[in-house]
Amino acid sequence: MRTHYPRTPHLPWSPGATSDDVRAEGLAGLAGREVVVTEKLDGENTTLYRDGLHARSLDSGHHPSRAWVKGLQGRIGAGIPEGWRVCGENVYARHSLAYTELESWFYGFSVWDDSDRCLDWDATVDFLRVLGIPAPRVLWRGVFDERALRRLRLDPSRQEGFVVRTVAGFARDEFGRRLAKWVRAGHVSTDTHWMYAAVVENGLGPTAPLWAVRSGAAPDTAGLLDALGLGPAHGADRLSATGGPAAEESVREVTGRLDVLGRTGDARLAGVLAALLHDRHRGSLGPLVAGRLGVPLARRVADLVGLHPRLRSPFPDAERRAGLLRMAAAADLGILHAVAASVPGGRSPEGREQVEWSALYAEDAGLLGAAPLEPLRAGVREALTGAGVTAEAADRCWAQAREAYAEGRIATVEEAVAATWRWRSGEFPRLVQLVGPSGSGKSTLARTFPDAVCVSLDDLRTERGDRSDQSANAEVVRRGLERLDAALAHGGTVVWDATSLTERQRDPVLAVARRRNALVTQVVALVAEDELVRRNACRPHPVPAEVLDRQLRRYSPPYPGRAHRIWYASPDGGIEDRAGGLDQRELWGVRD
């Protein structure tokens with residue numbers, strides 16, 4: 001059934017309201033509620049369905065400006081459930097404002113389910129992202145405050161206005177009370193209606209190739225490299241071996257495989273980028289692209305790049321299920337096998353045989369879906385939440401259940417819940433293991449745990465007389481492990497402050513934590529190499545340049561699943577991504 005999009009009422013102080021427009025009859029429907037304010041785009045209101053689309057008018061006919069969005073609907077329609085609709089703005093054609101930096105020619109602003117209810121804002125953004133559709137820029141969010149909205153300042157030469165809506169969802173009959181708009185004065189500034197003028201495309205910005213891949217379009221490898229800051233215009237030294245015919249072939253191959261799997265949104269983009277960047281050093285890749293992709297997607301791409309070669313190595317069949325399940329905690333196995341089969345090593349006879357055998361085994365075990373552990377995780381979460389288990393204890397329980405499932409000791413939710421009884425009280429010590437090269441902000445992160453005991457290898461070297469003396473590292477580490485063991489024995493939280501660059505360096509610390517039954521949280525600092533070099537030059541105790549260079553070449557961050565949980569910190573020290581916890585749902589791009 002096709003549904004007309006309602007007319008959005010103007011806020012009382014909207015200067016663009018005319019005598020023909022609908023005005024809000026008070027703001028009681030917004031008062032006291034959390035709202036989100038987004039930029040209002042100058043385009044054509046358009047609604048997409050599983051099987052078609054229309055502009056504001058249900059009988060809207062053909063217009064050249066609608067051709068592109070029809071193609072978009074053809075790519076993403078299968079991901080819209082029957083009876084649902086996606087409403088947004090078609091900004092392909094220039095109306096009154098000329099856009100030059102668009103992420104896409106279609107932005108979604110609301111999603112309506114089959115009961116004619118508008119999804120809450122966060123669910124809307126998540127749903128749109130899986131389809132590959134960006135949402136308008138958020139200008140403000142908080143409990144409705146008329147004064148704050150009146151203080152918003154827009155550039156009328158580039159912005160048409162803003163829309164305020166409740167963060168919570170609402171039924172269609174509540175539309176006029178839960179949503180309103182502010183529009184600039186004289187927002188129609190052309191003499192000829194845009195539909196009767198020549199179609200002039202609005203301009204796309206540098207991130208548009210990323211959104212095109214998310215929405216199912218054929219990848220533009222040069223555009224993707226430019227979007228990540230890795231193209232020739234950003235310096236040939238960053239290009240490495242990336243690009244060229246081999247990369248093009250890998251991208252074409254992985255795109256076909258991902259589409260067969262039904263991966264969309266960030267999942268499709270992650271697989272394409274991992275194939276394109278398969279020859280990059282994983283330790284530097286995540287921080288390098290985090291500024292363009294965001295930390296969550298950047299670390300997933302880097303983990304795919306690091307893990308895919310493992311699928312081309314022989315592996316004992318008796319241990320294969322456990323190995324694949326442990327790997328599933330770090331990556332989507334469907335995407336991982338697609339990448340491994342698409343890059344040059346996977347197209348060789350030996351590599352192809354290993355990858356195909358692994359994929360067959362994973363398929364038989366039901367592990368190629370987007371989130372094979374999700375039913376177990378959801379069941380454990382429901383049971384523990386109902387039992388009033390704290391978040392930290394629940395994370396510990398989930399980690400234990402996940403490992404027991406991989407080892408084949410449990411097979412059902414009921415068995416998982418029963419196997420975790422000893423951890424529910426939360427009566428265990430906590431270890432925070434910081435990970436990152438010198439200058440990545442680990443000591444600053446350590447100070448965010450004010451009640452913790454900190455075991456710092458730099459401090460131990462200082463006690464010996466010279467912070468920079470690396471000649472007695474074995475003795476320093478031994479003393480550090482002794483202090484760690486003693487601190488964990490007393491309970492509470494202990495922070496291990498050292499570079500912890502490799503698994504070999506991290507494993508002795510994890511062994512002590514296991515002996516003391518501690519909950520282990522690894523905190524990985526994601527800072528790009530050029531920023532590390534800059535910071536090192538400004539530090540009171542800089543490491544020699546050759547030492548930092550060796551660290552960067554050796555650096556191999558931990559994968560999710562090695563510790564109970566893992567947090568990822570941005571360069572400013574904020575935690576921007578988490579993995580391994582019971583609340584971290586790993587479904588990020590699949591069509592039903």
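The numbered points below comment on selected local features of this predicted model.

1. Basis. The model is predicted, so local features need pLDDT of at least 70 and side-chain atom pairs count only at pLDDT 80 or more, while totals for chains, interfaces and linings use all residues. Residues are numbered from 1 along each chain as its sequence is written, and side-chain values use heavy atoms, with hydrogens and water left out.

2. Helices α11 and α12. Helix α11 covers residues 317-328 and helix α12 covers residues 333-342; helices here are DSSP runs of H or I with at least four residues, strands are runs of E with at least two, and both are numbered from the N terminus. The two helices pack at an angle of about 105°, and their axes are 9 Å apart. Axes are lines fitted to C-alpha atoms, for helices over the stretch in contact, and angles run from 0 to 180 degrees between N-to-C directions. The angle makes α11 roughly perpendicular to α12 (65 to 115 degrees; under 35 is roughly parallel, over 145 roughly antiparallel, and the rest oblique).

3. Residues at that packing. On the α11 side, Leu324, Met327 and Ala328 meet Leu333, Leu336 and His337 of α12, where contact means heavy atoms within 4.5 Å. By class, the contact of α11 with α12 has 5 nonpolar residues, 1 polar residue and no charged residues. The nonpolar class holds Ala, Val, Leu, Ile, Met, Phe, Trp, Tyr, Cys and Pro, the charged class Asp, Glu, Lys and Arg, and the polar class the others, Gly among them.

4. Asp332 and Arg263. The structure holds 41 salt bridges (a side-chain nitrogen of Lys or Arg within 4 Å of a carboxyl oxygen of Asp or Glu). In one of them Asp332 pairs with Arg263, with the closest N and O atoms 3.0 Å apart. This pair links distant parts of the chain: Asp332 sits in the loop between α11 and α12, and Arg263 in the loop between α7 (244-261) and α8 (265-276), 69 residues apart. Both Asp332 and Arg263 are buried (buried is under 20% relative accessible area, exposed over 50%, and partly exposed in between, with a 1.4 Å probe and protein chains only).

5. Arg299 and Asp303. These residues form a salt bridge in which the closest N and O atoms are 3.9 Å apart. Both lie in helix α10 (residues 295-307), 4 residues apart, or about one turn of the helix. Arg299 and Asp303 are both buried.

6. Glu407 and Arg409. The side chains of Glu407 and Arg409 meet in a salt bridge at 2.7 Å, N to O. Glu407 counts as partly exposed because its relative accessibility is 40%, and Arg409 counts as exposed because its value is 56%. Elsewhere, salt bridges that share partners join Arg282, Arg299, Asp303 and Asp577 into one network.

7. Ser110. This residue is in strand β5 (residues 106-112) and is buried because its relative accessible area is 3%. Not counting residues up to four places away in sequence, Ser110 touches Tyr5, Arg85, Val86, Cys87, Cys118 and Thr124. Its side chain also makes a polar contact of 3.0 Å with the side chain of Trp112. A polar contact is a pair of N or O atoms within 3.5 Å; within protein, one must be able to donate a hydrogen and the other to accept it, and residues adjacent in sequence count only if both atoms are side-chain atoms.

8. Positive phi. Most residues other than glycine have a negative phi. Asp116 has phi near 65°; it lies in the loop between β5 and β6 (117-118) and is partly exposed at 26% relative accessible area. Ser500 has phi near 50°; it lies in the loop between β13 (493-497) and α21 (503-515) and is buried at 3%. A check of the backbone could begin with these two residues, whose phi values are positive although neither is glycine.

9. Gln354, in helix α14 (residues 349-364), counts as buried at 19% relative accessibility. Leaving aside neighbours within four places in sequence, Gln354 is in contact with Leu311, Arg312, Ser313 and Pro314. Leu548, in helix α23 (residues 545-554), is buried at 4%. Among the residues that Leu548 touches are Pro437, Leu532 and Asn536. Asn536 is 12 residues from Leu548 along the chain, and their C-alpha atoms are separated by 8.5 Å.
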